[in-house]
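Let's take a friendly walk through a protein model together. Have the sequence and the 3D view open, and look up each part as we come to it.

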Amino acid sequence: MAALSSPDLTLYDPFARMQLVAPACFLCGTPVDPARDNVPVFAPWLTQRYQLADKEIRLLDQSTSTFRELTIPCCPRCHHAHVDALEARVEAATAEDPAGLRELDEQTLFLWLGKMFYGIFVNELAREQEPLIKPRYPLAENRTLFSRFRSFFQVLQALRVPMHYDDFVPGSLFILDVDLGPDEPAFAYEDDLATMVFSVRLGRVVVIGCLLDNDMLRHVMQRVYDDALSRPLHPVQLAEFKARVYYGAYLLSAIPEFFPRPVKPGDTVLVMDTFLDDVTGSVFSPWDNMAYAQTLEELWLPWQISLRDILQNPREPLSYLYDADGQPRTLTTFPL
Ligand SMILES: [Zn+2]
């Protein structure tokens with residue numbers, strides 16, 4: 001009897017035989033017909049609530065897709081038992097107010113962001129396989145990127161396999177309030193495959209995840225994060241916070257690896273351990289103000305703040321999160 005009710009704790013590794021774009025369930029590997037058996041990368045409740053279905057998404061090869069079209073192969077069992085169940089939790093938590101994202105446990109939030117992020121990655125890869133597309137920097141040849149996604153996918157499988165991360169959190173998650181202008185869309189997302197950073201904004205609440213860092217970025221950014229929580233951020237301040245996340249993630253030199261503990265008869269949860277390969281002795285490469293300023297310039301593009309302005313004091317790049325005395329600053333309008 002016990003054997004019948006024991007969950008399957010076997011992990012699936014689509015990276016072993018490069019099945020990432022095969023017609024197989026992204027979670028368990030069961031062969032499927034992707035035209036019929038798939039899940040949208042952005043859940044139907046999300047596209048309905050924010051009227052996104054026909055909105056365009058631009059992919060890395062500059063082709064466009066829509067929120068509705070962006071799907072990932074998924075077997076009916078994983079679809080209903082795992083993906084729908086996860087999405088229902090997030091939908092319910094945010095139905096009244098997107099601030100309900102804060103009520104979700106860390107693993108749920110990590111898996112919710114992770115599912116979308118992985119879905120985008122697989123779609124980008126599939127696009128590269130099309131015969132007329134010759135990407136300049138093919139993802140498929142980027143070994144660092146692949147080993148990152150392979151590690152990431154192991155912990156993402158908590159979506160299907162009951163899993164306990166032993167004494168670690170696989171990613172850094174930040175949830176912030178932002179004060180938006182009337183013209184801002186109600187939904188926004190940003191992904192960066194190279195740094196594994198993904199963010200989603202539901203109304204005035206934004207969640208930013210660095211999805212493969214064992215929570216190290218949040219650890220080093222704890223003070224900035226605490227300060228950022230003290231008031232809703234102006235969008236120019238949110239952009240600065242994101243610049244710190246992107247640049248911090250870029251400096252990360254140690255990539256976590258994960259190891260499932262051997263399963264014993266009767267186990268109902270797979271326990272994952274982690275190991276951080278920091279052969280160089282430091283988790284982050286040294287901070288460089290010039291490189292950080294360039295990241296900031298890019299994120300501040302909508303406000304047209306030049307690199308010269310940012311580096312007026314080369315030792316102290318321009319900040320709108322903090323005033324000259326290092327105190328959190330409140331911005332209601334910009335330009336000031
Ligand atoms: Zn499946």
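## Helix α5 and its cover

Helix α5 (residues 143-156) has 14 residues, and from its first C-alpha to its last it reaches 19 Å, close to the 20 Å expected at 1.5 Å a residue. That expected span is 1.5 Å times one less than the number of residues in the helix. Helices (H or I, at least four residues) and strands (E, at least two) are DSSP runs here, numbered from the N terminus. Before going on, note that this is a predicted model: local features need pLDDT of at least 70, side-chain atom pairs count only at pLDDT 80 or more, and totals for chains, interfaces and linings use all residues. Residues are numbered from 1 along each chain as its sequence is written.

Which residues of α5 are buried? They are F149, F152, F153, Q154, V155 and L156. A residue counts as buried if 20 or more other C-beta atoms lie within 10 Å of its own, exposed if 12 or fewer, and partly exposed in between, with C-beta atoms placed from the backbone. The cover over the buried residues of α5 includes α4 (106-128), β5 (163-165), β10 (256-260) and β11 (270-276).

## The three-stranded sheet

Three of the strands form an open sheet in the order β5-β11-β10, and the pairing is mixed. The edge strands are β5 and β10, each pairing on one side only. From one strand to the next, the twist averages 30°. Helix α5 packs on this sheet, touching β5, β10 and β11, and its direction makes about 45° with that of β10. Two residues are in contact if their C-beta atoms, placed from the backbone, lie within 7 Å. Axes are lines fitted to C-alpha atoms, for helices over the stretch in contact, and angles run from 0 to 180 degrees between N-to-C directions.

Now look at the pairs one by one. β5 and β11 pair in the parallel sense over three bridges, and M163 has L270 in β11 as its bridge partner. β10 and β11 run antiparallel and are joined by five bridges; here E257 is partnered with F275 in β11, and P256 stands opposite L276. Two strands pair if DSSP finds at least two bridges between them. In general, strands of a sheet pair through backbone hydrogen bonds, either parallel or antiparallel.

Another open sheet has four strands in the order β6-β9-β8-β7, with antiparallel pairing. Its edge strands, β6 (172-177) and β7 (187-192), each pair on one side only. The twist averages 10° from one strand to the next. Helix α8 (residues 235-251) packs on the sheet and touches β6, β7, β8 (197-202) and β9, with its direction at about 10° to that of β9.

Six bridges join β6 to β9 (residues 205-210), and the two run antiparallel. Among the paired residues, S172 has C210 in β9 as its bridge partner.

## The core

The largest nonpolar core has 84 residues, and C25, C74, L113 and V245 touch the most other members. Such a core is a set of buried Ala, Val, Leu, Ile, Met, Phe, Trp, Tyr and Cys residues joined through C-beta atoms within 7 Å. Its largest share, eleven residues, comes from α4.

What does V245 touch, not counting residues up to four places away in sequence? The contacts of V245 are F174, V197, I208, C210 and L217.

In helix α9 (residues 289-299), the buried residues are Y292, A293, L296, E297 and L299. They cover an arc of only 165° around the axis, so they lie on the same side of α9. The arc is that of the directions from the helix axis to the C-beta atoms. These buried residues pack against α8 and α10 (307-310), while the face turned away from them carries the exposed residues M290 and E298.

## Some backbone details

Most residues other than glycine have a negative phi, and most peptide bonds are trans. D215, in the loop between β9 and α6 (216-220), has a positive phi near 70°. Q304, in the loop between α9 and α10, has a positive phi of about 50° although it is not a glycine. Q304 is exposed, with 9 other C-beta atoms within 10 Å. Finally, the peptide bond from F334 to P335 is cis, with omega near 0°, and P335 is found in the segment after α10.
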